[in-house]
Amino acid sequence: MSANNQAAALNESFVLKAAIGGVSCSTATFVLNPLDVARIRMQNQSKMAVSAGAQYTGMRHTLQRIFAEEGARGLMRGIEPSMCREVFYSSLRIGWYEPIRKLLVPAGADPTQTSPLVKYLASLLSGALGSAIANPFDLIKTRMQAILPNEPPPYRNTFHALRSIAAEQGVAGLYKGWAVTSARAAVLTSAQIGTYDSVKRNIMMDVCGLEDGFALHLGSSMVAGLVTTTATNPFDVVKTRYLSDREGRYASIVDCVAQTLRHDGARGFFKGWTPAYWRIGPHTVISLMLIEKLRAFAGLRTM
């Protein structure tokens with residue numbers, strides 16, 4: 001095989017792109033897990049007000065209170081299922097993005113130069129598919145991170161959780177809330193990857209004339225982080241409350257949406273926006289910058 005053919009084959013390698021996506025997002029997830037715990041606690045305020053009479057008033061207060069009451073381990077709650085989730089979810093959503101984008105453009109056309117609409121649609125589909133497969137780990141992560149200091153841990157570890165849920169509710173129980181989880185993941189990946197690709201190539205490179213490099217990747221990923229946080233927060237609130245509900249407070253996802261609107265108003269869907277941004281914003285920047293660096297190191301084109 002010629003050098004050109006080898007380079008072309010490498011750039012089409014789904015496994016390599018998926019592995020790079022999984023490693024990059026897993027690294028960002030590990031570093032930012034405390035902020036994810038804070039986000040889930042804040043978004044789950046209605047449950048906490050009922051069960052413990054406690055309120056978290058902001059990101060800093062939430063982090064301080066968790067550390068004071070639960071120690072460093074409290075800030076790393078759910079890290080095991082979080083890492084398992086990223087290995088499956090992010091590997092698939094990142095790995096599938098470019099193949100799906102290629103399928104959506106005419107044969108022979110350059111997928112990187114296609115319209116933002118196609119990029120948003122491709123990332124929407126890759127995010128939904130990856131999340132649907134990884135839903136059991138998302139369910140377990142949410143439940144473990146939502147536990148309050150006065151509540152006993154529901155599971156010893158991720159594998160005990162998988163066995164327990166499957167034994168009590170069947171395999172279907174592991175896919176509770178898959179619709180809202182997949183919808184949230186579709187919106188997140190579309191806002192994150194679609195925005196990054198569109199801002200980077202369609203605006204920064206094509207309109208502003210910037211060259212591919214560190215500054216371009218940083219600026220594009222920062223914009224993507226802001227868009228992603230705002231677009232996904234309503235889904236995050238509903239997902240967190242529904243998946244962490246082990247008492248049967250919500251009859252369905254629709255009931256969860258209705259109760260949130262009735263008790264908290266429209267602003268309730270944006271609870272925890274600040275900790276969400278402090279988690280999603282840096283996560284977006286770290287993961288996308290790592291993806292670009294690792295792709296360059298592996299001899300792949302940038303996204």
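Gly74 is placed in helix 4. The model examined here is a predicted one. Gly74 is buried, because its relative accessible area is 2%, under the 20% limit. Leaving out residues up to four places away in sequence, Gly74 touches Val37 and Ile66. Gln145 lies 71 residues from Gly74 in sequence. In space, the two C-alpha atoms are 8.3 Å apart.

The surroundings of helix 4 include a pocket. Helix 4 spans residues 59–75, and helix 5 spans residues 79–103. Each of these two helices supplies at least two residues of the lining of the largest pocket. The volume of this pocket is about 370 Å³. Its lining consists of 16 residues. Nearest the centre of the largest pocket lie Arg73, Met76, Arg77, Gly78 and Met144. By class, the lining of the largest pocket holds 8 nonpolar, 3 polar and 5 charged residues.

Across the whole structure, 3 cavities of 30 Å³ or more are found. The largest cavity contains about 80 Å³ of space. Two or more lining residues come from each of helix 5, helix 8 (178–205) and helix 11 (273–297). Helix 5 contributes the most to the lining of the largest cavity, with 5 residues. The lining includes Arg85, Glu86, Tyr89, Ser90 and Arg93. Also in the lining are Arg184, Leu188 and Gln192. Arg279, Ile280, His283 and Thr284 belong to the lining of the largest cavity as well. The classes in this lining are 3 nonpolar, 4 polar and 5 charged.

The second largest cavity has a volume of about 40 Å³. Its lining is made up of Asp36, Arg39, Arg85, Asp138, Lys141, Arg184, Lys239 and Arg279. The lining of the second largest cavity has 8 charged residues, with no nonpolar and no polar ones. Helix 2 and helix 6 (116–146) each give at least two residues to the lining of the second largest cavity. Arg85, Arg184 and Arg279 are among the residues lining the largest cavity, and these three residues also line the second largest cavity.

Asp36, one of the residues lining the second largest cavity, lies in helix 2, which covers residues 14–43. The relative accessible area of Asp36 is 2%, so Asp36 is buried. Not counting residues up to four places away in sequence, Asp36 touches Lys141, Gln145 and Arg279. Lys141 and Arg279 are also among the residues lining the second largest cavity.

Helix 2 and helix 6 also meet in a direct contact. In general, a pair of packed helices is described by the angle between the axes and the distance between the axes. The axes of helix 2 and helix 6 come within 9 Å. They cross at roughly 75°. Helix 2 is therefore roughly perpendicular to helix 6, because angles of 65 to 115 degrees fall in that class. On the helix 2 side, the contact is made by Asn33, Asp36, Val37, Arg39, Ile40 and Arg41. Helix 6 contributes Lys141, Thr142, Gln145 and Ala146. The contact of helix 2 with helix 6 has 3 nonpolar, 3 polar and 4 charged residues. Val37, part of this contact, is one of the residues that Gly74 touches.

Helix 6 also holds Leu117. Leu117 is exposed, because its relative accessible area is 66%, over the 50% limit. Leu117 and Thr195 are 78 residues apart in sequence. Their C-alpha atoms are 10.0 Å apart in space.

Thr181 lies in helix 8. Its relative accessibility is 1%, so Thr181 counts as buried. Apart from neighbours within four places in sequence, Thr181 is in contact with Ser131, Asn135, Asp138, Lys239 and Leu243. Asp138 and Lys239 are among the residues lining the second largest cavity. Thr181 and Lys239 stand 58 residues apart along the chain. A distance of 6.3 Å separates their C-alpha atoms.

Definitions and conventions
Residues are numbered from 1 along each chain as its sequence is written. This is a predicted model: local features need pLDDT of at least 70, side-chain atom pairs count only at pLDDT 80 or more; totals for chains, interfaces and linings use all residues. Side-chain values use heavy atoms; hydrogens and water are left out. On a 1 Å grid over the protein atoms alone, a cavity is a set of points where a 1.4 Å probe fits but cannot get out, and a pocket is an open set with protein on both sides within 12 Å along at least five of seven lines; lining residues have an atom within 4 Å of a point. Grid points are joined across faces, edges and corners, and a volume is the space filled by probe spheres set on the points. Helices (H or I, at least four residues) and strands (E, at least two) are DSSP runs, numbered from the N terminus. Ala, Val, Leu, Ile, Met, Phe, Trp, Tyr, Cys and Pro count as nonpolar, Asp, Glu, Lys and Arg as charged, and the others, Gly among them, as polar. Buried means under 20% relative accessible area, exposed over 50%, partly exposed in between (1.4 Å probe, protein chains only). Contact means heavy atoms within 4.5 Å. Axes are lines fitted to C-alpha atoms, for helices over the stretch in contact, and angles run from 0 to 180 degrees between N-to-C directions. Angles under 35 degrees count as roughly parallel, over 145 as roughly antiparallel, 65 to 115 as roughly perpendicular and the rest as oblique.
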